[in-house]
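My notes follow in the order in which I checked things.

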Amino acid sequence: MRIDKILANIGYGSRKEVKKLLKDRVVEVNGETITDAKIHVNPEKDEITVYGEKIEYKEYIYLMMNKPAGVISATEDLREETVLDLLELEDAVYQPFPVGRLDKDTVGLLLLTNDGALAHRLLSPKKHVPKTYYALIDGTVTEEDKSAFQEGVTLDDGYKTKPAYLTILRSGEIRSEIELTITEGKFHQVKRMFEAVGKKVVYLKRISMGPIELDNRLEEGEYRELTDKEVSMLKEGGGDFPASKGVE
Ligand code: URA
């Protein structure tokens, strides 16, 4: 395959921009500087570097990030820092995008990929992909809240939520600690579900999405590629994940 096509495919810009990179003598194949865009290279065997960084030719990239607070889950923004700004160039060139959104102040598991078909399946409301959140709540979370969430609560816009499973980890007078599994992704859903029962979420962290659990070795702001096993779990599920923890 032509070197300009390989570099353009993985996001180093248009063919014209790639030509400039070659002219700038920053591309090497097996240690030799390449300036000719027409040179044929075997991306599976030859070692290609750009600015000294080895590139790995692959069509898709799948990342899990422990999203920190203060950054937004968008692909670009004029003012705010986005999750894409946290990626290394070698990953950013694949042009991944976040699979769904977490609020600016929410932390935890965010998947990023350039596999549009998989992202679409994971986000499809028909697939009911379970998402589990850990949260700190102002006030006392009760067994009544648990039943209300199981039944479905009415949000501020009149929408009735699908059954959700609440685990009370610790219920205190001032603060409670919970886990909540939902199978939808309405705007600010967890916060609005607690508002519906008169309580306020003060800290929110997503800990799983479908079969993928947040790797607790990742500090906030860090990310890693999904393992082959994790990617196949995501794909095999095809998005049709079994009801988990009693969520129907
Ligand atoms: N629910 C929320 O309220 N916020 C999030 O970021 C995710 C789920």
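Entry 1, domains. I found the protein chain divided into domain 1 (3-54), domain 2 (62-125 + 215-235) and domain 3 (126-209); such bounds come from an automatic or database domain assignment. The model is predicted, so I noted that local features need pLDDT of at least 70 and side-chain atom pairs pLDDT 80 or more, while totals for chains, interfaces and linings use all residues. Residues are numbered from 1 along each chain as its sequence is written, and side-chain values use heavy atoms, with hydrogens and water left out.

I read 27 Å between their centres, taken over C-alpha atoms. Four residues of domain 1 are in contact with four residues of domain 2 (contact means heavy atoms within 4.5 Å). The two domains bury about 420 Å² between them, 57% of it on carbon and sulfur atoms; buried area is the accessible area (1.4 Å probe) that two parts lose on being put together, summed over both.

E225 lies in strand β13 (residues 223-225) and K58 in the loop between β4 (53-55) and β5 (62-67), so the pair ties together parts 167 residues apart in sequence. Strands here are DSSP runs (E, at least two residues), as helices are (H or I, at least four), numbered from the N terminus.

I placed A148 in helix α5 (residues 143-151). Not counting residues up to four places away in sequence, A148 touches V153 and V197. The C-alpha atoms of A148 and V202 are separated by 20 Å, and the two residues are 54 apart along the chain.
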